[in-house]
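Thanks for passing this one along. Here are my comments, written as numbered points so that you can go through them with the structure open.

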Amino acid sequence: MKWMKRIAALCAALIVSMSIPADNLCNVAVADSSLATVRTYVETECGENLTFRLYREGYDELNGVLVISGSGKMESDSSWYYYDEVTDKYIKVPYLYLDDDNRTAITKVIVEDGVEYLDSCAFSNLPNLTTVVVADSVKEIGSEAFKGCENLSDVTVPEGIKVHIDTFDGTPWIQGKEDSIEYCGDCGDTIQWTFQPSTDTLTISGTGKMESETWWVDNGDGSKTGYNNEYVYFRDRVKNIVIEDGVENIEVGAFSQFEALTSVQIPDSVTSISGGAFSGCKSLTSVILPNSLTYISNNVFSNCTSLL
């Protein structure tokens, strides 16, 4: 009977390995404790020094667990894109675009110590994902990383981690926790914004120039409105803006219609402020402009009715 068990095990391994599409860039390994038990997992690189491994069969409590391990940042090398009608953008779909069989198998994600960043869309729309554990080494989670994981209710993340506005969209876990998370995003190749809900403070940091990237907001009636950069999502709450040393400009309309804004800090590194940058900031009472300015548009502070 031993020879029959060995043949059965080998056949099972062959069937599993054939079920993974080659274009997913994943491998199925058959581990070995006895030839009567087939252990399978899916594994691939997800960064220069990172791998992800999805345990599929024969690992008992680890079955369905996806583990990200190594050091550094997750990076996508995918050429897959999908069109998002709300944002009017094409979004890159990363390496975790597995077939439906593997995606539905994932119930838990563990991100081990050494990982620094989780890529955009990396775990989005996993229908059976319920639990995520993220190591303290992770400083930021990318846009839409867990978006649409409708059963995700148990998440452990380090204190002070930065996420994007849509990182946990559509998950039960985020409900009621929106004000306890620090949000971030890009507003230039080397410039980043951060919003801290506990202080209603928007911080612009980095080195170089701010750049506008239109962020489309669904108005709920089939129409969309475009705004400069996604931090506009918080414009009704932002009371303080801190622009850190190293930022060289303030872009056109960068903070227009921020009606709750009362104070702005502008460093000496800023040399230009473009048109309408603070227009319509009705609660803004005073601004100290740096001596470094070489250009300022004549309508930067239009309709700032509280400015003396």
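The points below cover confidence first, then the sheet, then a few of its strands, and finally the cysteines.

1. Please keep in mind that this is a predicted model. Across the chain the mean pLDDT is 81, and 75% of the residues reach 70 or more. The confidence is lowest in helix α1 (residues 2-18), where the mean is 36, and highest in strand β10 (residues 131-134), where it is 98.

2. The start of the chain deserves a careful look. The pLDDT is below 50 over residues 1-32, and this stretch has 43 contacts in the model beyond near neighbours in sequence. I would read those 43 contacts alongside the pLDDT below 50 for the stretch.

3. Now to the sheet. An open sheet is built from nine strands with mixed pairing, and the order runs β5-β9-β11-β13-β14-β15-β16-β19-β21. Its edge strands are β5 (72-73) and β21 (263-265), each of which pairs on one side only.

4. Six bridges join strand β15 (residues 191-196) to strand β16 (residues 201-206), and the sense is antiparallel.

5. With strand β19 (residues 240-243), β16 pairs in the parallel sense over four bridges. Is β16 enclosed or open to the outside? Five of its six residues are buried, so β16 is largely enclosed by the rest of the structure.

6. Last, the cysteines. The structure holds zero disulfides. Cysteine 46 counts as buried because its relative accessibility is 0%, under the 20% cut-off. Cysteine 121, with a relative accessible area of 7%, is buried as well.

Note on methods. Residues are numbered from 1 along each chain as its sequence is written. This is a predicted model: local features need pLDDT of at least 70, side-chain atom pairs count only at pLDDT 80 or more; totals for chains, interfaces and linings use all residues. Side-chain values use heavy atoms; hydrogens and water are left out. A disulfide is a pair of cysteine sulfur atoms within 2.5 Å. Buried means under 20% relative accessible area, exposed over 50%, partly exposed in between (1.4 Å probe, protein chains only). pLDDT is the predictor's confidence in each residue, from 0 to 100. Helices (H or I, at least four residues) and strands (E, at least two) are DSSP runs, numbered from the N terminus. Contact means heavy atoms within 4.5 Å. Two strands pair if DSSP finds at least two bridges between them.
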